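Here's a friendly tour for anyone meeting this structure for the first time. Have a look at the chain below, then read on.

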Amino acid sequence: MKYIPNILTLIRMLLIPVFIWVYLSAIPNHHLWALFIYLLAGFTDFLDGYLARKYEVVSVIGTVMDPLADKLMLLAALGVLFYDHNLPGFIFVIMVIKESLLMIAGTIMYFHDDQIVIPANWFGKTATIVFTLAIIFLFAIPTSPVSYTILALAVGLKLLAFFSYLKIMMKILKERKQTP
């Protein structure tokens with residue numbers, strides 16, 4: 001049981017290129033198959049977190065790899081939607097910059113002396129759920145005002161989460177400077 005959550009995270013990471021390939025392929029119903037893969041990846045995210053907490057097998061590597069897998073899958077989904085003209089370019093750019101900054105900051109914090117990892121908080125988890133819903137709607141009804149409304153809410157929550165994490169990072173770094 002100890003390694004199952006990390007294996008699920010690895011599976012999620014391996015699903016990313018499969019998702020992109022299926023989405024861009026010419027197989028019948030490729031967008032629906034890609035959505036299924038995206039939802040399967042989301043389920044592995046839920047399951048690995050649940051198992052890690054339930055069986056108390058939370059690991060530093062899992063705490064680092066899990067959000068990385070989430071960010072990469074999200075960017076893959078946004079990338080293919082942008083490629084298909086089902087996502088405004090400015091939203092894609094905002095999310096690439098935001099997720100890249102968080103990945104860079106997370107890497108710096110992790111490779112700092114104490115391998116600092118900031119776990120997901122309420123803003124981040126809520127934003128992820130709403131973004132998953134937005135992506136489902138963008139796959140199902142890409143030009144619907146409902147899809148864009150949910151997308152706008154998801155982007156707003158992601159930005160709130162970003163500033164929340166930034167605030168936590170700054171607090172940790174400030175505390176580190178004050179500690180001899």
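## Thr-44, tucked into helix 2

Thr-44 counts as buried because its relative accessibility is 6%; buried means under 20% relative accessible area, exposed means over 50%, and partly exposed is in between, worked out with a 1.4 Å probe on protein chains only. Thr-44 sits in helix 2, where helices (H or I, at least four residues) and strands (E, at least two) are DSSP runs numbered from the N terminus. This is a predicted model, in which local features need pLDDT of at least 70 and side-chain atom pairs count only at pLDDT 80 or more, while totals for chains, interfaces and linings use all residues. Residues are numbered from 1 along each chain as its sequence is written, and side-chain values use heavy atoms, with hydrogens and water left out.

What does the side chain of Thr-44 reach? At 2.7 Å, it reaches the backbone oxygen of Ala-41. That's a polar contact: a pair of N or O atoms within 3.5 Å where, within protein, one must be able to donate a hydrogen and the other to accept it, and residues adjacent in sequence count only if both atoms are side-chain atoms. Setting aside neighbours within four places in sequence, Thr-44 is also in contact with Leu-8 and Arg-12, contact meaning heavy atoms within 4.5 Å.

Leaving out residues up to four places away in sequence, Tyr-38 touches Phe-19, Met-73, Leu-74, Ala-77, Thr-132 and Ile-135. Ala-105 is another matter: 67 residues along the chain separate Tyr-38 and Ala-105, and their C-alpha atoms are 26 Å apart.

Ala-52 belongs to helix 2 too. A relative accessible area of 11% makes Ala-52 buried. With residues up to four places away not counted, Ala-52 touches Pro-5, Val-57 and Val-58.

Next come two loop residues. Glu-56 is in the loop between helix 2 (30-54) and helix 3 (60-83). Buried or exposed, which is Glu-56? Glu-56 is exposed, with 71% relative accessible area. Glu-56 has a positive phi of about 50°, although it isn't a glycine.

Follow the chain to the loop between helix 3 and helix 4 and you'll find His-85. His-85 counts as exposed at 71% relative accessibility. The phi of His-85 is near 65°, a positive value in a residue other than glycine.

Ile-91 is part of helix 4 (residues 89-110) and counts as buried at 8% relative accessibility. Apart from residues up to four places away in sequence, Ile-91 touches Leu-151 and Val-155. Ile-91 and Val-155 are 64 residues apart in sequence, and their C-alpha atoms are 7.7 Å apart in space.

Ser-147 is in helix 6 (residues 145-178), and at 0% relative accessibility Ser-147 counts as buried. A polar atom of the Ser-147 side chain lies 3.1 Å from the backbone oxygen of Phe-137. Phe-137 also turns up among the residues that Ser-147 touches, along with Leu-138, Ile-141 and Pro-142, when residues up to four places away in sequence are not counted.

## Stepping back to the whole chain

So what's the overall layout? The chain has six helices and zero strands, running α-α-α-α-α-α from the N terminus on. The C-alpha atoms fill a box of roughly 60 × 35 × 25 Å along the principal axes.

Of the 180 residues, 39% are buried. Take the contacts between residues at least 6 apart in sequence, and 74% of them join residues at least 24 apart. The chain exposes about 10500 Å², with carbon and sulfur atoms supplying 74% of it; these areas come from the Shrake-Rupley method with a 1.4 Å probe, and for residues only the protein chains shown count as cover.
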